Amino acid sequence: MAKKFYVVWRGEKTGVFDDWPTTLAQVDGFSGAQYKSFPTRAAAEAAFGGGAPARSRTTGAFGKPRVARTDHADAVAAFDTVIFCDGACEPNPGKAGSGMAVYRAGVLASLWYGAYNPAGTNNTAELNALLQALMLAKLEIDAGRTVQVRSDSSYGLNAVTKWAAGWKKRGWKKADGEIKNLEIIQLLHALYLEIEEEVNLQHVSAHVGIEGNELADRMAMLAVERREPEWREFTGPFDIGKLLKMRAG
């Protein structure tokens, strides 16, 4: 992964930083934080020397997102790219599918659906969605963008960021039985370790009107309806009202 440098114009400390964890410590929870990544130190120092830019959709604040039920522009503008991912299964176990809604510069940029499994579960659908989201996140990070991935699956996020490390130390075993969905969890954990310093993972509540989460849910159900095993980009018009009227999971 290419080395990146980070400018913090507004934060606990300001300046040019060489790594993401140090940068995060300066802006996490700081109201009105402004920061951005750059591919070279020279570019970062020049940007810092030029002073803080006007507030834009590529700079923003961490901390608790301000998410309205139908308008979450402020929240998704805090990162260059925000990826919502979700899975659906009807019944559970049963026909499962996964979906993503991708925002760039605070604007809906693409919708994706796929990973249909005629004998899946809600958990496998959520894990497949998270895997695809992290794969996309890596591409975005490699392109120099700040990325957040949002999922409503506590199971998926905990499995990847908390439980997997302990399971791995014990030879991918746990004391009270087998690890379900082990193969995909292993893939997810390996990918997460590659980008953990530069990706922000956040849990969001399901079915409370968060636009990105709702759209990812609709795409997951579209994967089920179309029985689409491959990941496909949705090519219809981005009429948010009509999209939200699609079948929900």
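1. A word on the ground rules: this is a predicted model, in which local features need pLDDT of at least 70 and side-chain atom pairs count only at pLDDT 80 or more, while totals for chains, interfaces and linings use all residues. Numbering starts from 1 along each chain as its sequence is written, and side-chain values use heavy atoms, with hydrogens and water left out.

2. Let's begin with the sheet. Six strands make up an open sheet with mixed pairing, in the order 8-7-4-5-6-9. Strands (E, at least two residues) and helices (H or I, at least four) are DSSP runs numbered from the N terminus, and two strands pair if DSSP finds at least two bridges between them. Strand 8 (199-203) and strand 9 (232-233) are the edges; each has a single partner strand, so one side of each has no neighbour in the sheet.

3. Contact means heavy atoms within 4.5 Å.

4. Now for the helices. Helix 4 (residues 122-142) packs against helix 5 at an angle of about 60 degrees, and their axes are 9 Å apart. Axes are lines fitted to C-alpha atoms, for helices over the stretch in contact, and angles run from 0 to 180 degrees between N-to-C directions. That angle makes helix 4 oblique to helix 5; angles under 35 degrees count as roughly parallel, over 145 as roughly antiparallel, 65 to 115 as roughly perpendicular and the rest as oblique. The contact is made by N123, L127 and L130 of helix 4 with Y155, G156, L157 and V160 of helix 5.

5. Helix 5 also packs with helix 6 (residues 182-195), at about 90 degrees and with the axes 9 Å apart. That makes helix 5 roughly perpendicular to helix 6. Among the residues that meet are Y155, V160 and W167 in helix 5 and I185, L188 and Y192 in helix 6. By class, this contact has 10 nonpolar, two polar and one charged residue. Ala, Val, Leu, Ile, Met, Phe, Trp, Tyr, Cys and Pro count as nonpolar, Asp, Glu, Lys and Arg as charged, and the others, Gly among them, as polar.

6. How do helix 4 and helix 6 pack, and at what angle? Their angle is about 25 degrees, with axes 10 Å apart, and they are therefore roughly parallel to each other. Their contact includes L127, L130 and L134 of helix 4 and I185, L188 and Y192 of helix 6. It divides into 14 nonpolar, one polar and two charged residues.

7. Finally, some local details. Most residues other than glycine have a negative phi, and most peptide bonds are trans. In this model, a cis peptide bond joins E90 and P91, with omega about -15 degrees, and the bond from N92 to P93 is cis too, with omega near 0 degrees. P91 lies in the loop between strand 4 and strand 5, and P93 lies in the loop between strand 4 and strand 5 as well. N181, which is not a glycine, has a positive phi of about 60 degrees; N181 is in the loop between helix 5 and helix 6.
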